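Please look over the sequence and the model before reading on. The paragraphs below go through selected parts in turn.

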Amino acid sequence: MIDVGIIGASGYTGGELLRFLKYHDNVNVVAATSRQYAGINVSKVHPHLRGENIKFKDIPAEKVDADLVFTATPHGASMDIVPELIERGIKVVDLSGDYRFDDIAVYEKWYGIEHSAPLDAVYGLPEVYRNEIKKSKLVANPGCFPTGGILASLPLAKEKLIDAVILDSKSGVSGAGIKPTEATHYPNISDNIVPYAVTTHRHMPEIQQEVSKFGDVNVSFTPHLVPVIRGILTTAHAFLKEDVTSEYVKELYDSFYESEPFVRIVDMDEIPRLSAVRGSNYCDIGCFQIDPNGRIIIVSAIDNLVKGASGQAIQNMNIMFGFDEKKSLDVTGLHP
């Protein structure tokens, strides 16, 4: 049994952490922090947790006593919290972007924040860094868009079949966070599809960093906000350097992910759908179609709050402590 704290538990990712940890019999949640909702039961903010005997606490990070802490905090806030936790011997899974980059200068350029406390961290994509995660004290949980985009692209990059990939991602509104904004206001998003940060999204260099480790591939990325609550559907477009068949490419993906508990390669005649992964930690990958110009299309689907955030964070925790990797996460999606 381990004691776990969640710093920033009142947001959507905090609620998802609590939802999954409820079913983890090796975890005792000792702190779910929130300054705004201190003393209030978590169900008042996360109504799906009704019946849970957990109240938000307003306590500083240095007062959290746990074996592991999830920092579900905004970009720029984690760097003020994580070093103290690590110094005290507490393992950390950070859900912000503060520790995802190998080069701090890249982080500072794309996030517009000076990094005040760089630390060595392992990028928390289990499909690539499982062995490193096992030994790590600090895991940088990947971004939601990067998770779907990287997993869709890696086999092609590894086999040197492409020089560039264009990622077109459609995201549900929950990816914008729990605080309402003009962009997420119902009349503005309903019946609409809104491209944003079309060439400047901060997740692009994160995807580039990881895909480049498998091949000399240029990454372009454009996100779109769509009127659904959960999910990211990513369509990867790339021109093949070799004359290969769709069947060959599918076999590459089958082989690359054959031992991965949360990656499902769908049949040739299927396209991944958001409803099949909604509420789950799965990433479905499929399509594998090639047009007459040699353009291959790969489609991935994840739940942005689960495999794109809290579920993957718990998957990393399980690996760090030697638990069954699927512990508390072995649930199917919510279709229809």
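Predicted model: local features only at pLDDT ≥ 70, side-chain atom pairs only at ≥ 80, totals over all residues.

UniProt, in an unreviewed entry, lists residues 3–136 as "domain: Semialdehyde dehydrogenase NAD-binding". Over this stretch the chain is 25% helix and 16% strand.

Is Cys 144 buried or exposed? Its relative accessibility is 14%, and a residue counts as buried when that value is under 20%, so Cys 144 is buried. Which residues does Cys 144 touch, leaving aside its neighbours within four places in sequence? They are His 203, Ile 232, Ile 302, Asn 304 and Gly 308.

Helix α5 also packs against another helix, α8. The axes of α5 and α8 are 10 Å apart, and the angle between the two helices is about 110°. Angles of 65 to 115 degrees count as roughly perpendicular, and α5 and α8 are therefore roughly perpendicular to each other. On the α5 side, the contact is made by Leu 151, Ala 152, Ser 153, Leu 154, Pro 155, Leu 156 and Lys 158. On the α8 side, Val 249, Tyr 253 and Phe 256 take part.

Now consider α8 itself, which spans residues 246–256. Ser 246, Val 249, Lys 250, Leu 252 and Tyr 253 are buried in this helix. Where do these residues sit around the helix? Seen down the axis of α8, the buried residues fall within an arc of 150°, so they line one face of the helix. What do the buried residues of α8 pack against? Their partners are α5 and the strands β11 (263–265), β12 (283–290) and β13 (295–302).

The cysteines raise a separate point. A disulfide is a covalent bond between the sulfur atoms of two cysteines. How many disulfides does the structure hold? The number is zero.

Although Cys 287 is not a glycine, it has a positive phi of about 90°.

The last stop is the segment after α10, a helix that covers residues 306–320. Ser 328 lies in this segment. Ser 328 is not a glycine either, yet it has a positive phi, of about 70°. With a relative accessible area of 13%, Ser 328 is buried. Pro 336 is also in the segment after α10. What kind of peptide bond joins His 335 and Pro 336? It is a cis peptide bond, with omega at about 5°.

Key. Residues numbered from 1 in each chain as written. Heavy atoms only, no water. Buried < 20%, exposed > 50% of the residue type's maximum accessible area, 1.4 Å probe, protein only. Contact = heavy atoms within 4.5 Å. Helix = DSSP H or I, 4+ residues; strand = E, 2+ residues; numbered from the N terminus. Arc of directions from axis to C-beta. Disulfide = S-S within 2.5 Å. Axes fitted to C-alpha atoms, helices over the stretch in contact; angles between N-to-C directions. Parallel < 35°, antiparallel > 145°, perpendicular 65-115°, else oblique. UniProt positions renumbered as here; feature names shortened; annotations may be inferred.
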